[in-house]
Amino acid sequence: MRDLLPPNSSKLEMALADIAWQSINIDFPLRDLHDPDKCPESVLPFLAWQRSVDIWNDKWPVALKRQVVKSAIKIHKHKGTIGALKNALKAIDMDIKILEWFEYDGRPFTFHADINLVDRAIDKNEIKTIAATIKMAKNTRSHLDQLRTFQIMNSPIPKISMWHLMAQQLTIFPKVNLNTVISNSLPNFAMAVQYIQNITIFPKINLNPQILNHMPVFAMATQHFEQITISPK
């Protein structure tokens, strides 16, 4: 039985009864509502609010949302420490290394954050998320002095595409020393650069006479640069 309303009930009363029925007619155990691993995806934003998750994005994959919610309590327990900072970035699938000011002779109470990106790219929205996560997890005394990202590619033939805007110095690796016979293609680069003072692109290659018809391919668009060096020369 859906309700106990009399036959002369108004449309509003019947509509409210129907909504109430839908709210209690759930097809999963109530005990799973508070379990980030088992609750429905639609419940995750409410669990995030309940656990005071600082950074949330509805566009995240479901697995990442569950991971962020699960990590929330642990992060809040140690908030303001390097451990909490690392756990907060790990929750959003970022590998971070923290260097404090006394490790690189910097200004007191500043730190560097290095993000390693293995076989993946990153966009400006993710960078904003990283910066916001660091701000929420760090202690009030410390200030982020530099945020660097390192793209690590597990491939014998790097292929890099990028756009860089407003930088003083840009260096693209790897540095390659080729002294053997090459039977496949060398690295391919495609990039656009704007407002760069000094840019150097590697690999710097020592070409062996046995290397035939396999030169690196570069495609570039540049604007307002002062000095540019592309290797091999």
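User: In which helix does K70 lie?
Analyst: The model is a predicted one. In it, K70 falls within residues 62-77. That run is helix 3.

User: Is K70 buried, partly exposed or exposed?
Analyst: The relative accessible area of K70 is 44%. Buried requires under 20% and exposed over 50%. K70 is therefore partly exposed.

User: Which residues does K70 contact, leaving aside its neighbours within four places in sequence?
Analyst: P36 is 34 residues from K70 along the chain, yet the two C-alpha atoms are separated by 6.2 Å. The side chain of K70 also makes a polar contact with that of D37, at 3.2 Å. With the neighbours within four places set aside, the contacts of K70 are P36, D37 and R51.

User: Which residues are closest to the centre of the largest cavity?
Analyst: The largest cavity is lined by 14 residues. They divide into ten nonpolar, three polar and one charged. Those closest to the centre are V53, D54, I55, I75 and A88.

User: Which element gives the most to the lining of the largest cavity?
Analyst: Two or more lining residues come from each of helix 3, helix 4 (82-91) and helix 5. The top contribution is four residues. It comes from helix 3.

User: How much space lies in the second largest pocket, and which residues are closest to its centre?
Analyst: The second largest pocket holds about 220 Å³ of space. Its lining is made up of 13 residues. The closest to the centre are N57, W60, L64, E126 and T129.

User: How do the lining residues of the second largest pocket divide into nonpolar, polar and charged, and which helix gives the largest share?
Analyst: By type, the lining of this pocket comprises five nonpolar, three polar and five charged residues. The largest share by element is three residues, from residues 124-137. That element is helix 5.

User: Is T129 buried or exposed, and which residues does T129 contact beyond four places in sequence?
Analyst: T129 is located in helix 5 and is among the residues closest to the centre of the second largest pocket. Its relative accessible area is 16%, so T129 counts as buried. Leaving aside neighbours within four places, T129 is in contact with I55, W60 and I92.

User: How many aromatic pairs are there, and what is the geometry of W101 and F102?
Analyst: The structure holds three aromatic pairs. The ring centres of W101 and F102 lie 5.7 Å apart, with the planes at 80 degrees. Planes over 60 degrees apart count as edge-to-face. The W101 and F102 pair is therefore edge-to-face.

User: What is the geometry of W101 and F109?
Analyst: These rings have centres 6.1 Å apart. Their planes stand at 65 degrees, so the W101 and F109 pair is edge-to-face.

User: Which residues form one aromatic cluster, and how accessible are they?
Analyst: W101 has 26% relative accessibility and is partly exposed, as is F109 at 37%. F102, at 53%, is exposed. The cluster is formed by W101, F102 and F109.

User: Where does F109 lie, and what is its phi?
Analyst: F109 sits in the loop between strand 1 and strand 2 (110-118). Most residues other than glycine have a negative phi. F109 is not a glycine, yet its phi is positive, about 65 degrees.

User: Where is D93, is it buried or exposed, and what is its phi?
Analyst: The loop between helix 4 and strand 1 (95-100) contains D93. At 53% relative accessibility, D93 is exposed. D93 is not a glycine, and its phi is positive, about 65 degrees.

How values were computed: Residues are numbered from 1 along each chain as its sequence is written. This is a predicted model: local features need pLDDT of at least 70, side-chain atom pairs count only at pLDDT 80 or more; totals for chains, interfaces and linings use all residues. Side-chain values use heavy atoms; hydrogens and water are left out. On a 1 Å grid over the protein atoms alone, a cavity is a set of points where a 1.4 Å probe fits but cannot get out, and a pocket is an open set with protein on both sides within 12 Å along at least five of seven lines; lining residues have an atom within 4 Å of a point. Grid points are joined across faces, edges and corners, and a volume is the space filled by probe spheres set on the points. Ala, Val, Leu, Ile, Met, Phe, Trp, Tyr, Cys and Pro count as nonpolar, Asp, Glu, Lys and Arg as charged, and the others, Gly among them, as polar. Buried means under 20% relative accessible area, exposed over 50%, partly exposed in between (1.4 Å probe, protein chains only). Contact means heavy atoms within 4.5 Å. A polar contact is a pair of N or O atoms within 3.5 Å; within protein, one must be able to donate a hydrogen and the other to accept it, and residues adjacent in sequence count only if both atoms are side-chain atoms. Rings of Phe, Tyr and Trp (its six-membered ring) pair if their centres lie within 6.5 Å; planes under 30 degrees apart count as stacked, over 60 as edge-to-face and the rest as tilted.
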